[in-house]
Amino acid sequence: MKKKSIIAMLLLIALPMVSAAENRIIVSKKALQLYVVNEKNDTVFQCPIACGKNYGNKTKVGDNKTPEGEFKIKMMYDATSWKHDFGDGQGVREGAYGPLFFRLNVPGFNDIGIHGTIFPQSIGTRSSEGCVRLKNEDIKALYRHCHNGMRVTIEPDGVETTNE
């Protein structure tokens, strides 16, 4: 493992979170926004997002829907070296998830999270495979407000959907 990666990983584990203990994340798929609110329901951070291409609650792998409901951050990772093939004919891309990936405890799914992106132009659109994407600078700023075990609410789309 590279020295830089080891240091980054240690920082993810060891850095104390600033006033993050009672914070929670709210993701609005309808507004394409992520909010961090404190125990008084004051917004302490906000940024635009991209979410699943398809509307509705995630029910199966590959449905391109972002799950809806109450979750927790399972673990926060240094994702700088992670790769992904987006199925667009361009092959596997390094740094696909930006600098950080916050894995969520979504029952039945292990790979749903909040993360950065190599596609900053996708922010503000319905374009992901189900994760919540942020600009890389926003995921870094969000990290300062988060901790493992933090509550995350992903609100419904607010539109009628048909069963697929």
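This is a short exchange about a predicted model.

Visitor: Why is V36 called buried?

Guide: Buried means under 20% relative accessible area. V36 has a relative accessible area of 0%, so V36 is buried. The residue lies in strand β2, residues 33-37.

Visitor: What makes N23 and M150 contacts of V36?

Guide: Contact means heavy atoms within 4.5 Å. V36 touches N23 and M150, among others, not counting residues up to four places away in sequence. Its other partners include D42, F45 and L142. H145 is one of the residues V36 touches. V36 and H145 are 109 residues apart in sequence, yet 7.5 Å apart in space, C-alpha to C-alpha.

Visitor: What makes β3 and β11 edge strands?

Guide: The sheet is open, with 8 strands in the order β3-β2-β1-β12-β5-β8-β9-β11 and mixed pairing. β3 (43-48) and β11 (132-133) each have a single partner strand, so one side of each lacks a neighbour in the sheet.

Visitor: How do you know that β9 and β11 pair?

Guide: Pairing takes at least two bridges. Strand β9, residues 113-115, is joined to β11 by 2 bridges, and the two run parallel. H115 stands opposite R133 in β11. Helix α2, residues 136-143, packs on the sheet and touches β9, among other strands. The direction of α2 makes about 60 degrees with that of β8.

Visitor: Why are C51 and C131 called buried?

Guide: The cut-off is under 20%. C51 is at 0% relative accessibility, so C51 is buried. C131 has 10%, so C131 is buried.

Visitor: How many disulfides does the structure hold?

Guide: A disulfide needs a pair of cysteine sulfur atoms within 2.5 Å. The structure holds 0 disulfides.

Conventions: Residues numbered from 1 in each chain as written. Predicted model: local features only at pLDDT ≥ 70, side-chain atom pairs only at ≥ 80, totals over all residues. Heavy atoms only, no water. Helix = DSSP H or I, 4+ residues; strand = E, 2+ residues; numbered from the N terminus. Buried < 20%, exposed > 50% of the residue type's maximum accessible area, 1.4 Å probe, protein only. Axes fitted to C-alpha atoms, helices over the stretch in contact; angles between N-to-C directions.
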